[in-house]
Amino acid sequence: MDTSTIDFPAIDAIRANRERLGDRVETTPVRLLKDPALDAVVGGNTRVWLKEELFQRTGSFKPRGALSVMLDLDADALARGVTGVSAGNHAISLAYSAQTLGTSAKVVMPKNANPFRIQVCRELGAEVELVDNVHQAFARVKEIEAREGRVFVHPYEGPKTALGTASVGLEFMDQIAQAGDALDAVIVATGGGGLSAGVACAVKQMRPQTAVYVVEPEGADTMARSFAAGSPQAIDAVRTIADSLGAPRCEPYSFALNRRFVDAVVLVDDDQIRQAMRLLFRVAKLVVEPAGAAALAALMFPLRATLEGRTVGLIVCGANTDPQTYCAQLQS
């Protein structure tokens, strides 16, 4: 698949869109993480910056993309409402975005979605339908779109979604520069590729020498398979505790953007994610869902030797979990 001619958002467009999003989304903080326990697992000379996107409205980066799509809807489309499919974070962001823009959301979620996330969606005013799995969820959303006229807001695919997620990378690079530092590498988790596509696009335009690594769980390796095949690939089932990274397939635009700007895709297993969750709790005092720890897991394990002694940025992408699930995952 030739990605050399893919249209991608320029920095001026990313910055303008971020301004349009305004205070509907937060400019999330960055932090230089210093702790002997961190040094022991990533190397004492490795400098680690966190982009704490878990403090975003709704608890994940997702409103940046959803709102970037929905702000372009006309009055008739907004009146019909929106629909989407998600294991949780995108569904929550759609509920929030619909509430913010004065419309309605109907979201389809797999039955094994975290009950806390389902509850939050409903509290934000969304109508929630539960189906057996994520493949059925995509099919059901298409039915809702056709029968009710709702606009399908894809959880990770499309130029407007990437334009929104690119603001994570834009902010990160701006904030690091304001701190008088520069990143040798950025690590970002991916499910379908929407966050990593936007982040990589922004980072590489702002500082081409900064390497961008994408991390996936072994049980949901759609991007790794797609990179290996040279075209978007699918998986038959999601087999990871990082359910919010469990996209059933890669899509053409997000794949192409990742292929153009990402240096490499690495994989981590669930035990490595759990170890990273424990470390984030210990050294950063952050309670994160598994996806939010995936970038640190990549630095601790497959990328440690490659990035030891470098200045590395980690995107902590989300924290939508409940106490019972979080504790159970740490104790597994």
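Predicted model: local features only at pLDDT ≥ 70, side-chain atom pairs only at ≥ 80, totals over all residues.

How many cavities of 30 Å³ or more does the count come to? The count comes to one. Here a cavity is a set of points on a 1 Å grid over the protein atoms alone where a 1.4 Å probe fits but cannot get out, with lining residues having an atom within 4 Å of a point. Residues are numbered from 1 along each chain as its sequence is written, and side-chain values use heavy atoms, with hydrogens and water left out.

Of the 13 lining residues, Lys62, Gly65, Ala66, Pro155 and Thr161 sit closest to the cavity's centre. Helix α9 (residues 194-206; helices are DSSP runs of H or I, at least four residues) is one of the elements giving two or more residues to that lining.

Helix α9 also holds Lys204, which is buried at 14% relative accessible area (buried means under 20%, with a 1.4 Å probe and protein chains only). Beyond residues up to four places away in sequence, Lys204 touches Thr210, Ala211, Val212, Phe261 and Asp263 (contact means heavy atoms within 4.5 Å).

Now for the nonpolar cores, sets of buried Ala, Val, Leu, Ile, Met, Phe, Trp, Tyr and Cys residues joined through side-chain atoms within 4.5 Å. The largest has 74 residues, with Leu50, Ile187 and Leu314 making the most contacts inside it. Helix α13 (residues 290-300) gives the largest share, nine residues. A second, separate core of 23 residues includes Ala77 and Val151.

How values were computed
Buried < 20%, exposed > 50% of the residue type's maximum accessible area, 1.4 Å probe, protein only. 1 Å grid on protein atoms, 1.4 Å probe; cavity = no way out; pocket = protein on both sides within 12 Å on 5 of 7 lines; lining within 4 Å. Points joined across faces, edges and corners; volume = space filled by probe spheres on them.
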